[in-house]
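Below is a short briefing on a few selected positions. Please look over the structure before reading the points.

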Amino acid sequence: HEESASLTATLPATTKCGVRITFFANIDFKEELQNLTASGGEGVGLFRSENLFTDGTKVPKESEQYSYYIDMAETIAPMPLDIRLFDIGGDKLIYSPVREPNPNLGWRGIRILIDMPEILDDQIRAVIRANVHGNIDILIPMIISLEEIHHVRKVIDRHIEELSREMEQQIDRPGIGAMIEVPAAVEIIDEITRHVDFISIGTNDLTQYTLAVDRNNVVVQDLFEKFHPAIIRQLHRVIASANRNHCRAMICGDMGSDPLALPFLIGCGLRRFSVVASDIPNLKSLVSHYTIAETEELAGECLTLNSTQAIKARLETFQAAH
Ligand code: PEP
Ligand code: MG
């Protein structure tokens with residue numbers, strides 16, 4: 001039985017009506033790539049590059065990053081590798097020189113990268129140099145404005161130009177994606193999806209920032225609810241905007257691994273999921289039980305419901321029927 005399960009896992013997943021759904025893996029370290037194909041992953045949707053910081057504080061050198069990224073890219077080519085720029089600060093590595101009273105609302109992600117150009121320059125250069133197979137994309141964490149996207153794009157373009165000159169050949173620009181994980185990004189989603197190659201929805205932070213519930217605070221953990229109507233409606237808006245503007249959409253937050261959320265997200269128009277590799281086989285087998293029409297009907301109904309409880313109950317009914 002186990003053998004047949006792993007065999008199915010490596011096949012492409014399609015809905016009952018034949019629509020392809022792609023599953024990528026969230027990776028913290030390159031060693032995890034060994035399980036990628038066996039689990040049925042079709043690439044890396046999220047590499048959390050901040051894990052390269054040694055002792056949680058020491059910035060990895062450009063040469064170290066280059067070796068690490070090229071090794072990953074080569075191992076999985078031609079499958080895609082989405083490298084998220086260092087998401088330091090907040091609940092992750094504490095990089096701030098000052099003690100921040102609210103680190104999650106503080107100096108974090110893209111904010112640090114913009115303020116410390118040498119860190120951003122080194123990482124961008126390492127990524128571009130490692131992209132010899134053309135399978136690397138760059139994902140920007142904690143985006144709240146178009147200006148931040150433009151800033152990173154300019155830095156990328158400058159290094160493309162410099163490296164092309166140094167290497168005497170035209171180098172391709174990696175795709176640029178924005179993490180959608182702050183409500184501000186949801187509000188300006190149409191502008192964002194017109195300016196990037198792809199978006200990746202980070203439901204862990206999106207839930208935290210939308211509901212004002214610290215993702216790591218046990219006192220309020222019962223309020224950390226990804227099926228809250230506010231989240232459900234945001235997800236629908238974000239995915240619809242991406243599809244309208246021909247921008248690839250992916251989910252990389254933990255919600256993408258939840259079997260209850262799966263038909264809802266497909267019904268919203270999502271076709272790409274990045275999840276913990278070990279969750280892929282089960283998710284793939286679930287997909288084959290749904291038609292797009294019934295997931296769309298489910299999503300439409302969930303959008304009209306006004307409580308977490310009602311949304312979960314509707315999703316549970318759907319799950320039981322499949
Ligand atoms: C998220 O916020 O949902 C996400 C995928 O990023 P991280 O968990 O690394 O903050
Ligand atoms: Mg996040």
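Is C268 buried or exposed? C268 counts as buried, because it has 24 C-beta neighbours inside 10 Å; the cut-offs are 20 or more other C-beta atoms within 10 Å for buried, 12 or fewer for exposed, and partly exposed in between, with C-beta atoms placed from the backbone. This is a predicted model, in which local features need pLDDT of at least 70, side-chain atom pairs count only at pLDDT 80 or more, and totals for chains, interfaces and linings use all residues. Residues are numbered from 1 along each chain as its sequence is written, while chains are lettered from A and ligands numbered from 1 in the order in which they are written.

**Surroundings of C268**
- C268 sits in the loop that joins helix 10 (262-267) to strand 9 (272-275); helices (H or I, at least four residues) and strands (E, at least two) are DSSP runs, numbered from the N terminus.
- Not counting residues up to four places away in sequence, C268 touches L235, H236, I239, A240 and A299; contact requires C-beta atoms, placed from the backbone, within 7 Å.
- T295 is 27 residues from C268 along the chain, and their C-alpha atoms are 7.9 Å apart.

**Annotated positions**
- An unreviewed UniProt entry lists E181 and D205 under "binding site". They span 25 residues in sequence, yet no two of their C-alpha atoms are more than 5.2 Å apart, so they gather at one spot.
- UniProt positions follow the numbering used here, feature names are shortened, and annotations may be inferred rather than shown by experiment.

**E181 and D205**
- E181 is in the loop between strand 6 (175-180) and helix 6 (183-187), and is buried, with 26 other C-beta atoms within 10 Å.
- D205 belongs to helix 8 (residues 203-211) and is buried, with 23 other C-beta atoms within 10 Å.
- Leaving aside neighbours within four places in sequence, D205 is in contact with E181 and V182.

Conventions: Two residues are in contact if their C-beta atoms, placed from the backbone, lie within 7 Å.
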